[in-house]
Amino acid sequence: MTTAAIIVAAGRGTRAGGDLPKQWQDLAGRPVLAHTIAAFAGRVDRMILVIHPDDRDRAAAFGLEMVEGGATRAASVRNALEWLAGQGVTKVLIHDGARPLVSGAVIAAVLGALDDTPGAAPALPVTDALWRGTGGTVSGTAPRDGLWRAQTPQGFRFDAILAAHRAHPGGAADDVEVARWAGHAVTIVPGDEDNMKLTYPQDFIRAQNILGGRDMDIRLGNGYDVHAFTAGDQVWLCGVSLPHDKALLGHSDADVGMHALTDAIYGALAEGDIGVHFPPSDPQWKGAASHIFLRHAMGRVAARGYTLANCDVTLVCERPKIGPHQAAMRAALAEIMGVDVDRISVKATTSERLGFTGREEGIAALATCALVRA
């Protein structure tokens, strides 16, 4: 089975105030949408981001599949469903991009319920008294028995919700309404008070306070790579070309330092290594510049909601001499990774003429990185 999450983020969110739509406003140092995407990372097989056309450039940084939204939320969801049609998706979660605090437990509960029902969604029972109001005064009361506060993600068996959206006349408040209109049962799973939808400016204050009370997530990764020397007149190391009487042999540009660092980042995310994301059997990566790999890894860092705390690269070789180029290497890596240069260390050592590096048969590199998510 294949599961997909549709993150709906094409609205303008004017009630939240600010110069940007609410999903792009800052929350604890990152856009709201970065928190939302991070909540689903590793819990579904695919993620589809539904965006407004004006947001395409900033959304591209997440490295996700993107679909342009429609005039209504329902139209946006249908656009994403149609994008996924015929691609083997069996379960789909539909989530508001402005709900950045959804928990893994809620996501898992919705997905699990879909084993036994065509639809499932989280909700909280209404506990407050309900009034009707007219002209600013209470005009009546309403029973709260059996009433629930709906949340997302709302999950469905893919074929059922796609067919329901195709047939629905429009105007539904959410995807549960569309599913029920088509005759599908929707199971309620327990929601979470923290799974709030950011609507007004004061909601950001509450969300900030919730995030401040959560434990920090720190991840460490290490990488190691080796490339042999071959005929040539330069070597690429940490994004800088160094004149040399040999070159490094590899499927790409053989930047051994950048490869080790990229693997360290993938390792911290538990997402394999360069070969998983860019198979050497694929001819399109023949001779590719290694910054492509490193930028992809940093895109995964952002998509998972992490930031780079620091990284350290050690190059092991007799020649070329690395010291005169360390500052340029740090600056090159900082530009590629989109971080401050003081978060990057590049250093070198020799193997005291021992082993393949001592015999100048090649260069080895080791790298370590730390990622942090608040």
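1. The accessible surface of the protein comes to about 17200 Å², and carbon and sulfur atoms hold 53% of that area. Accessible areas come from the Shrake-Rupley method with a 1.4 Å probe, and for residues only the protein chains shown count as cover. The model is predicted: local features need pLDDT of at least 70, side-chain atom pairs count only at pLDDT 80 or more, and totals for chains, interfaces and linings use all residues. Residues are numbered from 1 along each chain as its sequence is written, and side-chain values use heavy atoms, with hydrogens and water left out.

2. Along its principal axes, the C-alpha trace spans about 85 × 40 × 35 Å. The protein has 12 helices and 19 strands; these are DSSP runs (helices H or I, at least four residues; strands E, at least two), numbered from the N terminus.

3. Of the 374 residues, 48% are buried, where buried means under 20% relative accessible area (1.4 Å probe, protein chains only). Among contacts with a separation of 6 or more, 69% join residues 24 or more positions apart; a contact means heavy atoms within 4.5 Å.

4. Five strands form an open sheet with mixed pairing, in the order β16-β13-β19-β17-β18. Two strands pair if DSSP finds at least two bridges between them. At the edges are β16 (246-248) and β18 (344-349), each pairing on one side only. From one strand to the next, the twist averages 20°.

5. Within this sheet, β17 (residues 307-316) and β19 (residues 362-373) are antiparallel and pair over nine bridges. N310 stands opposite A370 in β19.

6. Helix α8 (residues 256-268) lies across β13 (217-231), β16, β17 and β19, and runs at about 155° to β13. For such angles, axes are lines fitted to C-alpha atoms, for helices over the stretch in contact, and the angles run from 0 to 180 degrees between N-to-C directions.

7. Leaving out residues up to four places away in sequence, D263 touches N222, G223, Y224, G272, D273 and I274. D263 and T2 are 261 residues apart in sequence and 27 Å apart in space, C-alpha to C-alpha.

8. In helix α4 (residues 104-113), the buried residues include G104, V106, I107, V110, L111 and A113. Their cover includes the strands β1 (3-9), β6 (91-96), β7 (119-125), β11 (154-157) and β12 (187-190), and also helix α1 (32-40).

Methods:
Buried means under 20% relative accessible area, exposed over 50%, partly exposed in between (1.4 Å probe, protein chains only).
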